[in-house]
Amino acid sequence: MTVTTKSTPHRSTSTRRVAAAATVGTALESYDFYTYSYFAAFFAGPFFFSALGDTGALLASFATIGIAFVVRPIGAVLFGHLGDRIGRRSTLLITIALMGVATGLVGFLPTGESTAMFGAVALVVLRIAQGLSLGGEWGGAVLLATEHADARRRPFFASLPQLGSPIGSVAAGGLMLAMFFGLGPEAMVAWGWRVPFLLAIPLIAVSLYLRWSIDETPVFKELAAKGEREKNPVWAAIRTQPAAFGVAILVALLGIGSYSLMNTYTMGYGVVSLGFDEMQLLAAATIGGLLQFVTVPLFGVLAVRIGSARVVALGALGTLLIAFPIYWLLGSATFAVLVALMVVGGILPTASWAALGGTMQELFRGRHAYSALSVAYAIAAVLSGFIPYLTAELGTATGGAWWHPGLVLAALSALTLVGAIIAQRMRHLGDEDADAAQAVTPERVPEPA
């Protein structure tokens with residue numbers, strides 16, 4: 001009796017479990033991001049930078065948000081290299097552990113006047129650790145989801161890690177809102193602000209379990225089996241696909257930057273300049289985040305039908321059209337109008353966000369995809385991370401003109417629209433490698449003698 005090989009689909013890990021493992025990591029990343037964003041908007045300035053005055057403290061707290069984005073490319077290079085060398089799954093276990101620990105430790109920082117300097121330095125160090133983790137998380141999560149999925153459903157599964165943003169936003173905003181109402185402002189200032197950070201520690205265990213329980217992706221297994229892993233994947237990606245990097249960065253600007261602008265800058269701007277109550281802004285942002293639980297997968301379904309790049313383009317065009325009207329209405333909005341503006345202003349950028357992973361994954365070869373996605377996304381995140389700070393400076397330079405945040409949102413939309421149009425015309429290299437890896441897997445079966 002002899003043996004031969006038979007081609008069978010690779011399905012050692014269910015796509016549902018993989019999608020959960022990919023999404024939970026981005027959810028924790030988003031939870032950490034929004035928890036710190038709210039902390040920066042309301043507490044970081046008075047706790048650590050009060051000596052700089054009200055405006056200086058606000059700008060300094062926004063700058064600590066940007067610090068994590070500055071080091072993000074370093075994390076992208078480091079963890080992108082690991083992801084293309086040791087595997088997607090193993091690398092994502094490292095990134096999620098680093099993020100959770102760093103976030104949890106923020107909850108232990110001292111806030112007294114005598115320790116303000118130490119607290120500020122420690123805060124910066126922990127933000128650097130978070131930034132390194134952020135650099136390797138998103139690209140790996142997208143690949144984890146798409147490299148396990150078949151070609152027809154790949155754009156939809158690429159959208160699922162993007163659900164992490166509304167999950168984290170709703171969890172962080174809802175928790176902050178509940179604690180403000182339940183504890184009151186004095187208790188929040190005294191100790192309540194620590195609770196959202198400390199909760200990140202048990203969340204690590206859930207995330208690690210889900211990622212530990214899944215298989216490595218078929219694409220990486222195929223590359224490892226054939227000995228086709230790049231020795232220096234970051235350099236290989238830049239050298240062989242430089243144009244794709246530029247396109248990927250443009251595509252990502254609106255999806256990342258709109259969150260920084262609307263959920264970070266607009267929070268502080270709404271309280272300080274427009275006179276909104278903190279709870280109103282938190283409630284409006286939470287309601288807008290809840291809506292994304294529906295819109296993100298719906299845009300993923302649309303991406304299956306018309307393509308990921310087209311969905312990104314539609315979201316960018318729509319956001320460009322409403323950028324100025326939103327901020328014009330915001331200045332005199334009631335709470336009901338505020339919620340409506342957050343909903344409308346969230347749906348259109350969400351289209352670009354939901355289809356971002358699918359669009360970028362299609363641009364890069366599998367052998368260096370982790371590095372390429374991570375570095376391109378990190379560069380876009382660096383540019384977007386300083387949006388709250390730059391928008392605040394623009395507001396100061398224009399005397400607080402109502403249109404200054406609208407100008408920033410319109411610029412982000414226009415750049416992403418150009419990137420999406422170009423991306424639609426580029427080859428789907430990532431899909432080609434994923435299709436080849438999933439087409440067959442060796443299986444020994446008996447053959448009659």
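## Salt bridges

Glu228 and Arg367 meet through their side chains in a salt bridge (3.8 Å, N to O), a term for a side-chain nitrogen of Lys or Arg within 4 Å of a carboxyl oxygen of Asp or Glu. The pair links distant parts of the chain, 139 residues apart: Glu228 lies in the loop between α11 (218-226) and α12 (233-240), and Arg367 in the loop between α17 (356-361) and α18 (369-385). Helices are DSSP runs (H or I, at least four residues), numbered from the N terminus.

The model is predicted, so local features need pLDDT of at least 70 and side-chain atom pairs count only at pLDDT 80 or more, while totals for chains, interfaces and linings use all residues. Residues are numbered from 1 along each chain as its sequence is written, and side-chain values use heavy atoms, with hydrogens and water left out.

## Nonpolar core

The largest nonpolar core has 117 residues; such a core is a set of buried Ala, Val, Leu, Ile, Met, Phe, Trp, Tyr and Cys residues joined through side-chain atoms within 4.5 Å. Helix α13 (residues 242-272) gives the largest share of this core, 16 residues.

Definitions and conventions
Buried < 20%, exposed > 50% of the residue type's maximum accessible area, 1.4 Å probe, protein only. Helix = DSSP H or I, 4+ residues; strand = E, 2+ residues; numbered from the N terminus.
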